[in-house]
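This report goes through one protein model, from the chain as a whole to a single residue in a loop. Please keep the sequence and the 3D view at hand while reading.

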Amino acid sequence: MSKKLILVFSLILIVVVLFGCTQGGYNTTNSNTQTTPQNNNIQDQNTAVTTSEPQNYPINISNFSFNPQEVKIKVGDSVSWLNNDSMQHKVASVSGNEISSELLPKGASYKHTFNTPGTYTYYCTIHTSMRGTIIVE
Ligand SMILES: [Cu+2]
């Protein structure tokens, strides 16, 4: 018999002996550890349900006003302004340039996604009394 064969046989023996001794003792612990990951899975599914996809909030421009005038959204959500007036309107931030649309004729819309939390006040650059607020949380 070669030395290699003896080594392999003794290794197998050790494994069989160790496995045989520990099998009975560890059986109950194994079944316990199996239930814990199952519980974690249920929690993961719950958090997956409550995590919401980015939303789009429509704002209707009509009768020289923004409806709704104030919109609360979350970071990553977007807002779409749709002009239903026969007049043209142009939506722009009061300060900064986060919100900046083209001239919107009747039926045209402007969509913007907000990626930074904050309060964004905007107005119509043609009819400056038209104002609205987007609150991004
Ligand atoms: Cu306007």
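## The chain as a whole

Of the 137 residues of the protein chain, 15% count as buried, where buried means that 20 or more other C-beta atoms lie within 10 Å of the residue's own, exposed means 12 or fewer, and partly exposed is in between, with C-beta atoms placed from the backbone. The structure is a predicted model, in which local features need pLDDT of at least 70 and side-chain atom pairs count only at pLDDT 80 or more, while totals for chains, interfaces and linings use all residues. Residues are numbered from 1 along each chain as its sequence is written.

The protein chain has one helix and eight strands, and along the sequence these follow the pattern α-β-β-β-β-β-β-β-β; helices (H or I, at least four residues) and strands (E, at least two) are DSSP runs, numbered from the N terminus. Among contacts between residues at least 6 apart in sequence, 44% join residues at least 24 apart, two residues being in contact if their C-beta atoms, placed from the backbone, lie within 7 Å.

## Confidence

The mean pLDDT (the predictor's confidence in each residue, from 0 to 100) of the protein chain is 79, and 63% of its residues reach 70 or more. Over residues 5-19 the pLDDT stays under 50, and the model has one contact beyond four places in sequence for them. For residues 24-37 the pLDDT is likewise below 50, and this stretch has zero contacts in the model beyond near neighbours in sequence.

## The four-stranded sheet

Four strands form an open sheet in the order β3-β8-β7-β5, with mixed pairing; two strands pair if DSSP finds at least two bridges between them. Because β3 (70-73) and β5 (91-93) each have a single partner strand, they stand at the edges, and one side of each is left without a neighbour in the sheet. On average, neighbouring strands of this sheet are turned by 25° against each other, direction ignored.

Strands β5 and β7 (residues 118-124) run antiparallel and are joined by three bridges. The bridge partner of S93 in β7 is Y122.

## M130 in its loop

Between β7 and β8 (131-136) lies a loop that contains M130. This residue is buried, with 20 other C-beta atoms within 10 Å. Leaving aside neighbours within four places in sequence, M130 is in contact with F64, S65, F66, Y123 and C124. M130 and H89 are 41 residues apart in sequence, and their C-alpha atoms are 9.5 Å apart in space.

Definitions and conventions. Axes are lines fitted to C-alpha atoms, for helices over the stretch in contact, and angles run from 0 to 180 degrees between N-to-C directions.
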